[in-house]
Amino acid sequence: MENPPLSLKLSSLCLISQCKLDSILSLCGDKKDLIIDPSLIKPMERVCGVNWLRQHGIDKIYKMDPNLGNTANTNRVYFIPSCIHKYKCVLDQIASLINLNSSLAELNCFHIIIVPKVLTIYDSILESKGLYNIVKLHTFTWEFMMLDNQLLSLELPFLFKQLYVEQNHSLLSSISMSLWSLFHVTGKPKAVFSIGKLSASVLDMLEIYNETYARGFLEKESSKDIGALVIVDRNQDYASSLLTPATYSGLLSELFTVNCGNLDLNVKETKLKKGKLDFGFEDEGGPSKHAVIMLDSSIDNLYGEIKHRHFSEVLSVLSSKAKLLKNEDIKALGIQEIKHFVATKLQQITLFKQNLVNHVLACETIISEMSNKYENLKLAETEMLNNKNKKSNFQFVDENFGTDIHIYNSLRLMCLLSLTQSLTYDEYNTLVTKYLLAFGYKYLYVFNNLINAGLLVQPSSPKLSLNISNLGNLSDRLPKWQNEFQSNANKLKQLPSQADKDSKSSPSYVFNGSYIPLIAVLCQAMLTSETLAELIMKLSSLSELRVGGKILDKLKVGMETLNEKLSNLKLQNDLEFGCKDVKGLAKLLKSDPNIGNCFPLKPKSVLVYVIGGVNYAEIAACDVIQTITGSKIYVTSDCVHSGAEMIGSAT
């Protein structure tokens with residue numbers, strides 16, 4: 001049987017999500033009202049439309065509101081993300097309804113669908129509220145959503161805060177389950193890798209699912225579409241999220257709100273404007289221009305052409321497109337030709353014109369809001385990355401906190417400086433004080449959250465003060481040692497040389513030639529390695545690199561089973577079941593440099609999953625790598641976000 005194209009297989013994921021939702025709704029009564037959290041509306045539209053919901057028993061649809069009163073039907077189905085405060089809000093609403101009408105408690109009319117998973121603590125909360133057996137809880141793990149060509153997302157933006165800030169890993173299993181489900185559609189990749197503790201846990205759980213559920217369902221053969229899977233923790237490369245992107249799609253996400261691939265083109269209320277302190281001096285003048293851009297190349301061909309371009313090139317492309325439209329002269333056409341034109345081309349041209357107008361408007365907004373400071377910002381970020389001019393870099397950040405402070409982007413600059421060049425105790429306190437004076441001391445918790453996530457390094461207080469005035473400026477004459485960031489980035493060649501910076505084929509263009517995202521480095525290493533030993537040598541500086549898939553299967557011959565591992569597990573001993581530390585392969589690689597025969601990759605394609613969100617600059621960098629190597633790179637994550645949104649979700 002001929003292997004269908006991967007795009008067709010991935011489109012079937014929507015049908016799987018619908019089947020899951022159908023089975024849940026069938027348990028919720030015949031005629032019911034759906035009360036949906038606003039953050040889930042756009043993703044829900046990707047899963048199913050309003051007509052589909054009507055066909056499956058949903059009568060009325062309401063936005064979740066703490067003050068929502070009576071609805072049209074007795075049966076209520078709440079649809080919320082897996083966030084405890086939203087869950088408690090729903091339970092309070094149900095409790096107040098029962099207080100007004102106690103007979104509702106006997107009707108089994110309250111259902112809560114939780115995305116992606118019902119946690120054990122939810123039952124305890126239900127019991128403490130006196131609603132056990134009155135409210136029914138349902139888990140709904142929707143499948144990956146195709147947002148664009150080779151871009152898939154689970155659209156769970158709240159995961160970053162739970163996983164990295166709160167250190168709550170209870171939803172990691174839903175990522176494993178989504179990948180397990182995906183591989184039922186695409187087949188399992190031959191080579192599997194993880195970078196980071198959370199990624200290793202996901203691979204362990206993925207292996208347990210493979211052993212526990214429907215063993216005979218997965219094909220024995222390796223995937224014919226995906227050669228390798230690599231899962232990366234977001235905290236392994238925070239720089240890619242903190243830097244200001246140079247691509248069109250990256251700058252769009254910096255200024256405008258993007259929800260499930262839908263960009264809200266509201267030029268009067270950009271994210272930059274909303275995050276600034278309001279002194280009341282802004283002149284709003286004129287009506288707000290408002291439109292929606294679908295960031296999907298299959299819907300908007302023009303976006304597909306310009307999305308990964310450096311922003312400096314975009315206006316010239318749009319200008320050339322406008323000139324082509326101008327040349328469309330229908331005056332010279334005959335009657336029959338005009339009829340044919342109206343029937344075949346008119347609708348397409350009208351849509352193209354509207355898309356062109358929207359993209360020009362977006363470009364104008366980017367230029368007007370970022371042109372003044374972009375060059376200075378780019379220079380400061382490049383010097384931070386290369387550990388140069390620490391004093392002037394701090395002054396730049398300090399001035400930003402004093403004169404141009406933004407609720408998220410200023411913290412983002414502070415975090416980048418902290419990670420790349422570190423902050424002294426006094427510098428740290430200066431920036432914190434200015435931020436709190438601007439936005440209020442109620443935001444003091446924000447810095448603790450950033451420290452918990454690893455975005456900010458808190459300096460220790462100086463316990464010993466030495467009088468070194470007699471040494472003059474000796475410290476300035478000492479060599480500038482690299483810190484850990486530069487050391488690791490240089491080993492992985494993420495900081496390009498001058499020749500590479502000027503090269504148009506370098507993925508570093510996404511950050512103006514100053515930095516290559518980690519996932520682009522990983523994909524290039526995998527796609528150009530002839531053996532496993534060569535790949536591990538290229539990535540030897542990654543301390544948390546682990547391997548799985550066929551490589552691990554080869555090592556499992558004669559190894560203990562999972563049950564034996566669990567029974568023999570000792571205290572403080574890592575359970576390596578779905579993946580293995582590459583250091584343990586050193587001896588085996590000497591005798592067999594290509595364990596598992598996974599390299600060179602066949603098919604020549606990589607699926608990369610970033611736990612904690614991916615950004616458009618990283619996606620563009622991967623696009624360069626796939627062009628250079630003649631391969632396919634599928635970028636997946638739990639959400640697509642900008643640096644400001646990542647900082648915002650950590651606060």
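Predicted model: local features only at pLDDT ≥ 70, side-chain atom pairs only at ≥ 80, totals over all residues.
A disulfide is a pair of cysteine sulfur atoms within 2.5 Å.

**The whole chain.** The protein chain holds 30 helices and 16 strands. Of its 651 residues, 51% count as buried. Among the contacts in the chain with a separation of 6 or more, 79% are accounted for by residues 24 or more positions apart.

**The cysteines.** Next, show the cysteine side chains. How many disulfides does a search of the whole structure find? The search returns zero. Select Cys28: this residue is buried, because its relative accessible area of 1% is under the 20% limit. Then select Cys89, which has a relative accessible area of 25% and therefore counts as partly exposed, the class between 20% and 50%.

**A pair of helices.** Now select residues 518-528, helix H24, together with residues 616-629, helix H29. The two helices pack with their axes 9 Å apart and at an angle of about 20 degrees. Helix H24 is therefore roughly parallel to H29, since the angle is under 35 degrees. The crossing of H24 past H29 is right-handed.

**The contact between them.** Which residues make this contact? Show the side chains in two groups:

- From H24: Ile519, Ala520, Cys523, Gln524, Leu527 and Thr528.
- From H29: Glu618, Ala621, Cys622, Ile625 and Thr629.

Methods. Residues numbered from 1 in each chain as written. Heavy atoms only, no water. Buried < 20%, exposed > 50% of the residue type's maximum accessible area, 1.4 Å probe, protein only. Axes fitted to C-alpha atoms, helices over the stretch in contact; angles between N-to-C directions. Helix = DSSP H or I, 4+ residues; strand = E, 2+ residues; numbered from the N terminus. Parallel < 35°, antiparallel > 145°, perpendicular 65-115°, else oblique. Left-handed = near helix turned anticlockwise from the far one by under 90°. Contact = heavy atoms within 4.5 Å.
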